[in-house]
Amino acid sequence: MGAYLERTAVKYGVAPKVRTDTEVIAATFDEDSGRWEVELADGEKQWFDGLICATGQLSRPKVPVLAGLDAFAGKHFHSAEWDDSVDLTGKRVAIVGSGASAVQIVPAIADRVRELQVIQRSPNWVGNKWNHKTNPRSRRLLRIVPGLARAQHNLEWLWYESRVPIIFNGFDPLRVGIHAWLRWKIRREISDPELRRKVTPDYKAGCNRLLPSNDWYPALDREHVSVHTEGVARVQESGLVLDDGTEVDADVIVWCTGFTATEYLAPIDITGRDGRKLHTEWKTGPEAYLGITVSGYPNLFMIYGPNTGSLTNTIIFLLEKQARYARLALEHSVRTGAWLDVRGEVQDAYNRDLQNRLAGTVFTSGCPGWYHTETGKVVAVWPGSHIAYARATARVDLAAYETGSRTK
């Protein structure tokens, strides 16, 4: 995917306009000029007519604040900041976490380490992974037959789109069959009954990502691999101490503890109209209109903003729709010389409806994970199909926005 995006950026002339290794620390809307002042980490300030924030959700690693961390005698690092200088061969390794990162890392290192301890906060539903490889003949057909590649893409897209019902509570009668299949996979790939119990979730499949792996359960079932279901209480020189007092000795700790996924746009200090602060207004959880614009912050647009994540289909599709919406709004701003600011009552009504729709989904059924705030407010996922989101963002409803003058 990364290589595809790089090729596309080069092909359409985007790459020369990208400035790398540059951190934005603040953005302030100036009401006199109707423009944004952007401050960089080196002190430089620049002015822009519009601001598009595409900082993503899973970009800021989250390492738990634990007593004794500085006392640990070995190496420790987050999975997203892998330390290649650390040789794991023959080492005692503790993996803290059992989500998407751990599911990939544990099978990859199990053969090299002497002892592997997995600290599991909550188990995940793990399904089969199908790796489809295109053979030379089919690749040639895709190149020479007009429209064939597009048809294949559309069929695959529609297949994933057909999975949308799994996020709704009304799907529960059929979910029983999915649970039976996933439990059968656990029984087939794990011989130890106690380990089977530890890795079997007690929540509905579909309320967080169904992780694909053919190697996760067999790796956990190995002699030198252990799974602990207690949380980490503190760190000590020799390793970890769990909540039940169990001591886990380790030479290396890998934090597979995820990201600060609900802290959208952090740590950028964003100031809007009348000196309002975005992160202060979002203290109970981020909100936006269509996940793209926020009242009080004219001509500010978000890509992958609040409530625009998806578990059923490709996120790239949603990002494209958000980028198109931002482009349409900015084109209007350029034509008219005015900024656009979504009305507060419009944003509030949209989010009330959004939360009402979320109430009928599995995301509010007590799932673990990062899709909601500590108070239970779901802020990460879209409660519908990709087709529905495409329709909602197909045009910019100018009646939903206030306007103001923007100087040259």
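Modeller: A cavity here is a set of points, on a 1 Å grid over the protein atoms alone, where a 1.4 Å probe fits but cannot get out, and its lining residues have an atom within 4 Å of a point. This is a predicted model, in which local features need pLDDT of at least 70 and side-chain atom pairs 80 or more, while totals for chains, interfaces and linings use all residues. Residues are numbered from 1 along each chain as its sequence is written, and side-chain values use heavy atoms, leaving out hydrogens and water.

Colleague: Which residues line the largest cavity?

Modeller: The lining is made up of Ile167, Gly309, Ser310, Leu311, Thr312, Phe363, Val381, Trp382, Gly384 and His386.

Colleague: And how do they divide into nonpolar, polar and charged?

Modeller: Five are nonpolar, five polar and no residue is charged, where Ala, Val, Leu, Ile, Met, Phe, Trp, Tyr, Cys and Pro count as nonpolar, Asp, Glu, Lys and Arg as charged, and the others, Gly among them, as polar.

Colleague: Switching to strands, what does strand 6 run parallel to?

Modeller: Strand 6 (residues 92–96) runs parallel to strand 7 (residues 115–119), joined by five bridges, and valine 96 has isoleucine 119 as its bridge partner there; strands (E, at least two residues) are DSSP runs numbered from the N terminus, and two of them pair if DSSP finds at least two bridges between them. Strand 14 (residues 252–255) is also parallel to strand 6, over four bridges, with valine 252 as the partner of valine 93.

Colleague: How many residues of strand 6 are buried?

Modeller: Four of its five residues are buried, meaning under 20% relative accessible area with a 1.4 Å probe and protein chains only.

Technical notes
On a 1 Å grid over the protein atoms alone, a cavity is a set of points where a 1.4 Å probe fits but cannot get out, and a pocket is an open set with protein on both sides within 12 Å along at least five of seven lines; lining residues have an atom within 4 Å of a point. Buried means under 20% relative accessible area, exposed over 50%, partly exposed in between (1.4 Å probe, protein chains only).
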